[in-house]
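Here are my notes on this one, as numbered points. Have the viewer open while you read.

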Amino acid sequence: MRILKSIQTKVCVDGSLMKEYVLDEPLTEGFLKFLEKFGTVRSLEQLKKPYFSFEKEQFISIKGFVGDCNVEVRYKKEFQDLVADYFHLLLFYEREGERGIAKLKGVEESIRDKMKVRMGPSDGNR
């Protein structure tokens, strides 16, 4: 999957940044299985189109419908600059299967290290 375009961007009340993207192909159950390796996925199967949400603490949240090409991505305020490419990385590495999971875990570790530096020594030891 790739992002074709961003159709809406807004700053939310809590300071997070929300972007709505149009993808080149519909979201799939396989993509949700991939997301489970990186955070919490919740889904509502009883709807006409299955709805899902994904949460990666301190990174992003994603909301959308399986089978739809539109998706809403919310970037956390404190680390927007560090996680700006995270959704793109999820889309890219999902194609690589198990190898992609290992590579993205390494990228996540690097991002978390940068987060710890930004929070400072006392906050980073929690």
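**Notes on the core and the aromatic pairs**

1. Start with Phe-31: skipping neighbours within four places in sequence, Phe-31 is in contact with Met-1, Phe-87, Leu-90, Leu-91 and Glu-94. Contact here means heavy atoms within 4.5 Å.

2. A word on provenance. This is a predicted model, in which local features need pLDDT of at least 70 and side-chain atom pairs count only at pLDDT 80 or more, while totals for chains, interfaces and linings use all residues. Residues are numbered from 1 along each chain as its sequence is written, and side-chain values use heavy atoms, with hydrogens and water left out.

3. Phe-31 turns up again in the largest nonpolar core, which has 31 residues; Phe-31, Ile-60, Ile-62, Phe-87 and Leu-90 have the most contacts inside it. Such a core is a set of buried Ala, Val, Leu, Ile, Met, Phe, Trp, Tyr and Cys residues joined through side-chain atoms within 4.5 Å; buried is under 20% relative accessible area, exposed over 50%, partly exposed in between (1.4 Å probe, protein chains only). Strand S2 (17-23), helix H1 (29-35), S4, S5, strand S6 (70-75), H3 and helix H4 (98-124) each supply at least two residues of this core. H3 gives the most, with five residues.

4. On to the rings: how many aromatic pairs does a search of the whole structure find? There are five. Rings of Phe, Tyr and Trp (its six-membered ring) pair if their centres lie within 6.5 Å; planes under 30 degrees apart are stacked, over 60 edge-to-face, and the rest tilted. Phe-34 and Phe-38 have ring centres 5.1 Å apart and planes at 55 degrees, so that pair is tilted. Phe-34 is buried at 6% relative accessible area, and Phe-38 is buried at 3%.

5. Phe-59 and Tyr-86 make an edge-to-face pair, 5.0 Å centre to centre with 65 degrees between the planes. Phe-59 lies in the loop between strand S4 (51-56) and strand S5 (60-65) and Tyr-86 in helix H3 (residues 86-94), so the pair ties together parts that are 27 residues apart in sequence. Helices (H or I, at least four residues) and strands (E, at least two) are DSSP runs, numbered from the N terminus. Phe-59 is buried at 0% relative accessibility, and Tyr-86 is buried at 1%.

6. Last, the charged end of Lys-56 sits over the ring of Phe-59, 5.4 Å from its centre. The criterion is NZ of Lys or CZ of Arg within 6 Å of the ring centre and within 35 degrees of the ring normal.
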